[in-house]
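Reader: Please show me the model. I would like to go through a few residues with you.

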Amino acid sequence: TQLPTLNIEIENKTISIPIRQRFQTIMKEKRSNLCLSADLTNLDEIIELSKLVGSNICMLKIHSDILTDFSLDKIQQLKDISRKFNFLLLEDRKFADIGNTVKLQYTKGLFRIVEWADLVTVHVLPGECIVQGLEQAAQSINEPRGCLLIAQMSSKGAFTDNDDYVKGVVECAKKYSDFVIGFISQSRLTTTDKFLHCTPGVHLNNTGDQLGQQYVTPRQAIDERGADILIVGRAILDSINRAKTAEEYQQQGYQAYEEIRKI
Ligand code: 5BU
């Protein structure tokens, strides 16, 4: 099945860009492998923050179910900003149910995620049917959509710390590689550059939080954890100057990425 692609008009010619290629182009053009995890409970505040750091990030990740003021109007505003500043929107939904249910969760309810999120996160615990359900639902939208499979987690004692499980996730990614563009991971899982490895648990000053989160530095995430994309939340959100801190993570992250991945 052919997934819809983003149609962009250039000199009256329409070209189609698949989401994987678009992501890689954004990273190169903006010299950024920084994904801001905007874990704030107010969408108005996220909208303002996205304008402040829009030029520093390649992706903005949100949890729509923690927002107290979610509306489709406001999420459309965020989508417009993401197009203007050229970054992707990731809804960290962590789908984890059977194909039929995730299809409904992706398209219906208050959030109608498929209408605005370029990417979503997915647990493969239920088996490959979860990816089939989401991919089917994505075909109702005339814009490119993709997902990141959660292969490994950053939290202490995660049950994803199991080789057989991770192997299964990688197999699933290979089988559905039109829709699956990468992983949420804590190590390099494939030798090809086809799959983007996105790594949460990144902080320059802390080693963890009180609830099991475990941090490494941007350089360690890339060098030791095989990251392409750094997912950074509180290190930026809790800093005194969010814009300046985002710029620091962008610069440190991309410099290490260029050196280590030799791109
Ligand atoms: P932090 O503030 O940088 O710790 O936030 C990390 C974000 O990444 C947060 O939104 C988590 O829900 C998300 N996350 C994570 O921390 N670890 C994981 O393994 C996965 C997601 Br999957």
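Reader: Is Asp92 buried or exposed?
Author: This is a predicted model, where local features need pLDDT of at least 70, side-chain atom pairs count only at pLDDT 80 or more, and totals for chains, interfaces and linings use all residues. Residues are numbered from 1 along each chain as its sequence is written. A residue is buried if 20 or more other C-beta atoms, placed from the backbone, lie within 10 Å of its own, exposed if 12 or fewer, and partly exposed in between. Asp92 has 23 other C-beta atoms within 10 Å, so Asp92 is buried.

Reader: How does Lys94 count?
Author: Lys94 also lies in strand E5. It has 13 C-beta neighbours inside 10 Å, so Lys94 counts as partly exposed.

Reader: Which residues does Lys94 touch, leaving out those up to four places away in sequence?
Author: Contact means that C-beta atoms, placed from the backbone, lie within 7 Å. Lys94 touches Thr121, His123 and Ile150.

Reader: Why does Gln250 count as buried?
Author: Gln250 lies in helix H9, residues 242-261. Gln250 counts as buried because its C-beta neighbours inside 10 Å number 24.

Reader: What separates the C-alpha atoms of Gln250 and Cys58?
Author: Along the chain, Gln250 and Cys58 are 192 residues apart. In the model, their C-alpha atoms are separated by 9.3 Å.

Terms used: Helix = DSSP H or I, 4+ residues; strand = E, 2+ residues; numbered from the N terminus. Contact = placed C-beta atoms within 7 Å.
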